[in-house]
Amino acid sequence: MKHELKISPSLLSANFGNLKDDIERVNHSEADWLHIDIMDGVFVPNISFGFPVLKYVAELSEKPLDVHLMIVQPEKFIREVKELDTMMMNVHYEACTHLHRVVQQIKDAGMQAGVTLNPATPVSMLADIIGDVDMVLLMSVNPGFGGQKFIPRTLTKVRELREMIDRTGSGALIEVDGGVNLETGAELVKAGADVLVAGNAVFKAPDMEDMIHRLKNLK
């Protein structure tokens, strides 16, 4: 079943020297969620936000938080993520030895559970967990840095995942993150994506609210 398209601007592309104003602009836009990438410098070659900064972000944001943990052992931080009043906690398939357990712990904490796949991880790896997750995030770039080029193979993965979700009756949303703009976004929507994460396309746009409006209305 296809859902209404959601837009989740990625805070990683915001102006860190002007974070409050950028979050306010998201608040006043048609964005559905605010996407937050947490990086540890181990699972990915970069470090992003720590929890003291994220508490400030959570207080400012009027949009539900879509938190993506690009870290090893993400289960150690379920309590801290929940304390941000997070709606969706996303963990990497590649970072969880006991993924089913982590998904259940996230749900037991009162959040929705998402699972993320790196570009080289096939959709078929989700066969035994697809019925337990609320969302699957497909990385359309290699995680760790903003501004990368979209990997075209992602479109095939979206179609494969859509078929799996429809066949199993899972109901999980399909989110895509990396190199999303008006052009790639339109292709992703046609392939079956439900949620688009957009960083540079939104925060570097001359008119951020207009760009979010245009993404939101992709067909």
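**View 1. Who touches Leu196 in this predicted model.** Skipping neighbours within four places in sequence, Leu196 is in contact (heavy atoms within 4.5 Å) with Leu5, Lys6, Ile7, Ser8, Val176, Val180, Gly185, Leu188, Val189 and Leu218. Leu196 is also among the residues with the most contacts inside the largest nonpolar core, along with Leu11, Ile36, Leu161 and Leu188. That core has 68 residues; a nonpolar core is a set of buried Ala, Val, Leu, Ile, Met, Phe, Trp, Tyr and Cys residues joined through side-chain atoms within 4.5 Å.

**View 2. The one aromatic pair.** Phe51 and Phe77 are stacked, at 5.8 Å centre to centre and 20 degrees between the planes (pairing needs ring centres within 6.5 Å, stacking needs planes under 30 degrees apart). Phe51 sits in helix α2 (residues 51–60) and Phe77 in the loop between β3 (65–70) and α3 (78–83), 26 residues apart. Phe51 is buried at 17% relative accessible area, while Phe77 is partly exposed at 29% (buried is under 20%, exposed over 50%, partly exposed in between, with a 1.4 Å probe and protein chains only).

**View 3. Helix α5 against helix α6.** Helices α5 (residues 154–168) and α6 (residues 182–191) pack at about 25 degrees, axes 8 Å apart, so they are roughly parallel (angles under 35 degrees). Thr154, Leu155, Val158, Arg159 and Arg162 of α5 meet Glu187, Leu188 and Ala191 of α6.

**Notes.** Residues are numbered from 1 along each chain as its sequence is written, and side-chain values use heavy atoms, leaving out hydrogens and water. As the model is predicted, local features need pLDDT of at least 70 and side-chain atom pairs pLDDT 80 or more, while totals for chains, interfaces and linings use all residues.

Key:
Phe/Tyr/Trp six-rings, centres within 6.5 Å; stacked < 30°, edge-to-face > 60°. Helix = DSSP H or I, 4+ residues; strand = E, 2+ residues; numbered from the N terminus. Axes fitted to C-alpha atoms, helices over the stretch in contact; angles between N-to-C directions. Parallel < 35°, antiparallel > 145°, perpendicular 65-115°, else oblique.
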